[in-house]
Amino acid sequence: MHDYRRIADRIAADITTGRLRPGERLPPQRKFARRHGIAASTAERAYGELVRRGLVVGEVGRGTFVKATAPVRPGRGLVEDAGTPVNLELNYPSAEGQSELLADALAPLLRPDVLTEALRPAAATGTPAAREAVAALLATPGWRPDPSRILFTGNARQSVAAALASLVRPGGRVGVEELTYPVVKEIAVRLGITLVPLATDEEGLRPESVAAAHRAAPLSALYVQPTLHNPTSVTTSYERRRQLALAVSDLGLPVVEDRIWSFLADNDDPLAALAPALTHVVDGLSKRVAPGLTVGFLVVPEKRVDAVADAVRSGGWSAGRFALEAGVRWTLDGTVARLVEAKRADAARRQRVLAECLGGFAVRSDPRAYYAWWHLPVPWRADTFTAAAAALGIAVTPGPSFAVDPNRTPDAVRLGLASAAVPDLERALRALAGLAASRTDR
């Protein structure tokens with residue numbers, strides 16, 4: 001009789017000592033059983049024990065793969081000082097001198113007479129000054145939102161939630177790009193709605209996929225990111241946007257357009273410019289300014305202002321008045337414009353570092369974006385590469401986090417370029433390049 005736990009211990013020892021490396025495939029259970037002279041049921045229990053310990057992952061139809069290794073000792077990894085993590089999951093850009101700029105603009109708010117007003121509750125409609133300021137901030141060459149149709153939330157995520165809550169009843173269906181912002185998946189669960197993955201190509205969402213999904217079972221709304229799509233950084237062309245606007249207009253299908261990264265793309269008109277009666281535009285200050293003191297914006301069709309405002313109030317998603325007043329001041333005194341200019345230059349610099357470090361790999365990005373989509377080389381898989389990167393002190397986001405269809409998960413990772421200091425970013429990217437090559441050059 002063989003104890004499956006002892007067999008699991010021996011495999012675990014091979015993993016922790018490095019004899020079995022992250023991403024390596026274990027033999028099929030029956031082959032393992034024959035090789036070691038044990039029952040197939042014993043091999044199955046041993047593999048199950050390894051899964052329970054978090055050392056391997058089983059993929060239906062593909063096999064069992066090593067998921068993690070023992071912690072790397074400082075000085076032993078590919079990264080200098082492996083004990084210092086580099087987080088390429090978080091993606092909050094920060095410009096040099098940002099805190100000083102923001103502090104100067106906040107100073108007038110701290111006067112007692114002004115502060116009293118700034119600490120009052122804020123309505124979903126904000127204030128006339130806030131609506132005018134945001135209309136000017138969001139304006140593009142071919143579109144300027146009507147200030148009377150602008151609403152405010154605590155952040156852009158809450159704007160997405162409010163828009164969807166106002167449009168979709170529990171059990172309803174919302175079309176989304178097949179890879180989408182992970183928070184939208186969480187919002188859908190909370191609201192009790194179903195996300196329907198729609199086909200995309202090199203230009204973004206394919207209009208015919210919207211129509212096909214709607215014919216199969218009616219959609220209640222569409223959520224899209226036409227500008228610097230997260231995670232792929234694709235920006236949809238004008239012609240494709242025009243086709244998409246025609247498709248949703250023919251279907252009478254409401255749209256939630258997420259433009260949170262649009263500040264990096266100069267002169268980019270929203271889908272709302274082509275389908276204003278259907279499109280709800282989401283934006284905010286978290287990326288333009290800072291995540292800790294932010295406001296979300298919603299530009300909604302004229303006839304939907306009251307319905308969306310009700311959703312903001314009932315969801316508890318109203319903006320804080322202090323943050324709203326600060327955002328207005330930062331916008332009017334030019335602080336936001338200066339931060340945007342600095343962050344555009346910073347994103348371009350980080351993209352150059354990305355190109356230098358990962359130029360030989362299948363990395364998709366836009367020179368203006370703060371993130372990149374890396375299709376991993378064979379035989380790497382997203383989960384095993386993510387685990388191996390974590391063992392080097394580097395956090396990346398696995399591709400399946402963005403996938404709407406759990407049966408179609410890409411062997412890719414998203415690299416957030418914004419949060420790490422540039423020298424740390426360069427070291428981490430070079431380490432990841434070495435890691436990726438370590439299993440492809442043999």
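# Reading a predicted fold

Reader: Which residues of α7 meet residues in α8?

Author: Contact means heavy atoms within 4.5 Å. In α7, Arg157, Val160, Ala161, Leu164 and Ala165 meet Val183, Val184, Ile187 and Leu191 of α8. The residues of this contact divide into 8 nonpolar, no polar and 1 charged (nonpolar: Ala, Val, Leu, Ile, Met, Phe, Trp, Tyr, Cys and Pro; charged: Asp, Glu, Lys and Arg; polar: the others, Gly among them). The labels refer to DSSP runs numbered from the N terminus, helices being H or I of at least four residues and strands E of at least two. The model is predicted: local features need pLDDT of at least 70 and side-chain atom pairs count only at pLDDT 80 or more, while totals for chains, interfaces and linings use all residues. Residues are numbered from 1 along each chain as its sequence is written, and side-chain values use heavy atoms, with hydrogens and water left out.

Reader: At what angle do α7 and α8 pack, and how far apart are their axes?

Author: Axes are lines fitted to C-alpha atoms, for helices over the stretch in contact, and angles run from 0 to 180 degrees between N-to-C directions. Helix α7 (residues 156–167) packs against helix α8 (residues 182–191) at an angle of about 40°, and their axes are 10 Å apart. The arrangement of α7 to α8 is therefore oblique (under 35 degrees is roughly parallel, over 145 roughly antiparallel, 65 to 115 roughly perpendicular, the rest oblique).

Reader: At roughly what angle do α4 and α13 cross?

Author: Helix α4 (residues 98–106) and helix α13 (residues 335–358) cross at roughly 170°, their axes coming within 10 Å. This makes α4 roughly antiparallel to α13. On the α4 side the contact is made by Gln98, Leu101, Leu102 and Ala105, and on the α13 side by Thr335, Arg338, Leu339 and Lys343. These residues divide into 4 nonpolar, 2 polar and 2 charged.

Reader: How many aromatic pairs does the structure hold?

Author: A pair of aromatic rings is described by the distance of the centres and the angle of the planes. The structure holds 9 aromatic pairs (rings of Phe, Tyr and Trp, the last by its six-membered ring, with centres within 6.5 Å; planes under 30 degrees apart are stacked, over 60 edge-to-face, the rest tilted). One of them is the edge-to-face pair of phenylalanine 152 and phenylalanine 297, at 6.1 Å centre to centre and with 90° between the planes. Phenylalanine 152 is in strand β4 (residues 150–153) and phenylalanine 297 in strand β12 (residues 296–299), so this pair ties together parts that are 145 residues apart in sequence.

Reader: Are phenylalanine 152 and phenylalanine 297 buried or exposed?

Author: Buried means under 20% relative accessible area, exposed over 50%, and partly exposed in between (1.4 Å probe, protein chains only). Phenylalanine 152 is buried, at 0%, and phenylalanine 297 counts as buried at 3%. Tryptophan 373 and phenylalanine 402 also form an edge-to-face pair, at 5.8 Å centre to centre and with 90° between the planes. Here tryptophan 373 belongs to strand β14 (residues 371–375) and phenylalanine 402 to the loop between β16 (397–398) and β17 (412–416), 29 residues apart. Tryptophan 373 and phenylalanine 402 are buried. Ring pairs also link Trp261, Phe263, Tyr370 and Tyr371 into a cluster.

Reader: Is arginine 240 buried or exposed?

Author: Arginine 240, in helix α10 (residues 238–251), is buried, with a relative accessible area of 9%. Leaving aside neighbours within four places in sequence, arginine 240 is in contact with Asp201, Glu203, Gly204, Leu205, Arg206 and Pro207.

Reader: Which residues are joined by a cis peptide bond with omega of about 25°?

Author: Asparagine 230 and proline 231 are joined in this way, and proline 231 is in the loop between β9 and α10. Serine 233 has its place in the loop between β9 and α10; its phi is near 65°, a positive value in a residue other than glycine. Serine 233 is buried, at 3% relative accessible area. Asparagine 267, with a positive phi near 60°, is exposed, at 56%.
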